[in-house]
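Please go through the following briefing with the sequence and the three-dimensional view side by side. It is grouped by topic.

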Amino acid sequence: MIERRPFDRLGGGDHGWLNTRHHFSFADYRDPQRMGWGALRVWNDDEIAPQTGFPPHPHADMEIITYVREGAITHQDSLGNKGRTKAGDVQVMSAGTGIRHSEYNLETEPTAIFQLWIVPTSRDGAPSWGTRPFPQADRAGRLVALASGDQEDAEALPIRTDARVLGARLKPGETLEYALQPGRHAYLVPASGALTVNDIRIDEGDGVAIRDERVLRLAALADTELVLVDSA
């Protein structure tokens, strides 16, 4: 089963300082048919204007992964953490028993991010935050684990859930395959470019929800940057 979700049919809208699209129900966007995909609960495609952002607000019992596409995001939280995550890099916040944080674009240009929320497999853990660089060259022609609950993904940022967040960069004509185990849910979005997923065309910003497919065959139609979530 492969369901393409075109970018222009996603929820969300332009709020001036924030131009956002929601792949699943979020904020004022409600669709009972799109409440999540497996453990993946939120996938927001956000463009944040310079010198604006999300003021301090709370979270609990959620794994929140931010993939920075353009610009940079500056994080600060109630644990005393502060850091700047730039384009191509990833940050993870495990909200656990509770945390307050802010996310601002302190740059002179717009910042574009994917923000993903994944339901944890256990609750009441201690909150935490971390960030790390993922050089684009390391993702050339292959999928790299960016955040993962699988201990075998030793280079990935750890998350407290049965899920993997992977990224890849493909040149036109490049292909790769990903085995999807029975019962798993996959969700893929190209941050740029276009590709086919098992011969179905997916353009920049589109989402594709996948299950009951043994192998995903990804073929780039242009220079393509993609993010894939594989979850229970």
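Leaving aside its neighbours within four places in sequence, which residues is Asp89 in contact with? Asp89 contacts Thr66, Tyr67, Val68, Arg132, Pro133 and Phe134, where contact means heavy atoms within 4.5 Å. This is a predicted model, in which local features need pLDDT of at least 70 and side-chain atom pairs count only at pLDDT 80 or more, whereas totals for chains, interfaces and linings use all residues. Residues are numbered from 1 along each chain as its sequence is written, and side-chain values use heavy atoms, with hydrogens and water left out.

**Setting of Asp89**
- Asp89 lies in the loop between strand S8 (82–86) and strand S9 (90–94), strands being DSSP runs of E with at least two residues, numbered from the N terminus.
- Asp89 counts as buried because its relative accessibility is 8%, the classes being buried under 20% relative accessible area, exposed over 50% and partly exposed in between (1.4 Å probe, protein chains only).

**Nonpolar cores**
- The largest nonpolar core has 25 residues, and those with the most contacts inside it are Trp43, Ile65 and Ile118; such a core is a set of buried Ala, Val, Leu, Ile, Met, Phe, Trp, Tyr and Cys residues joined through side-chain atoms within 4.5 Å.
- Among the elements that give two or more residues to this core are strand S4 (40–48), strand S6 (63–70), S9 and strand S11 (111–118).
- A second, separate core of 22 residues includes Ala168, Leu176, Tyr178 and Leu228.
- Not counting residues up to four places away in sequence, Ile118 touches residues including Leu40, Ile65, Val165 and Val229.

**Strand S3 and its partners**
- Strand S2 (residues 11–14) and S3 pair in the antiparallel sense over four bridges, pairing being assigned if DSSP finds at least two bridges between two strands.
- Gly13 has Thr20 in S3 as its bridge partner, and in the hairpin of S2 and S3, with three residues between the strands, Gly16 takes a positive phi near 90 degrees.
- S3 is also joined to S4 by five bridges in an antiparallel arrangement, with His22 standing opposite Asn44 in S4.
- Strand S3 (residues 18–22) has a covered face made of Leu18, Thr20 and His22, and an uncovered face made of Asn19 and Arg21.
- In a regular strand the side chains alternate between the two faces of the sheet.

**A four-stranded open sheet**
- Four strands form an open sheet in the order S16-S21-S18-S19, with antiparallel pairing.
- Strand S16 (175–179) and strand S19 (200–203) are the edge strands, each pairing on one side only.
- S16 and strand S21 (residues 215–220) run antiparallel and are joined by five bridges, and Thr175 stands opposite Ala219 in S21.
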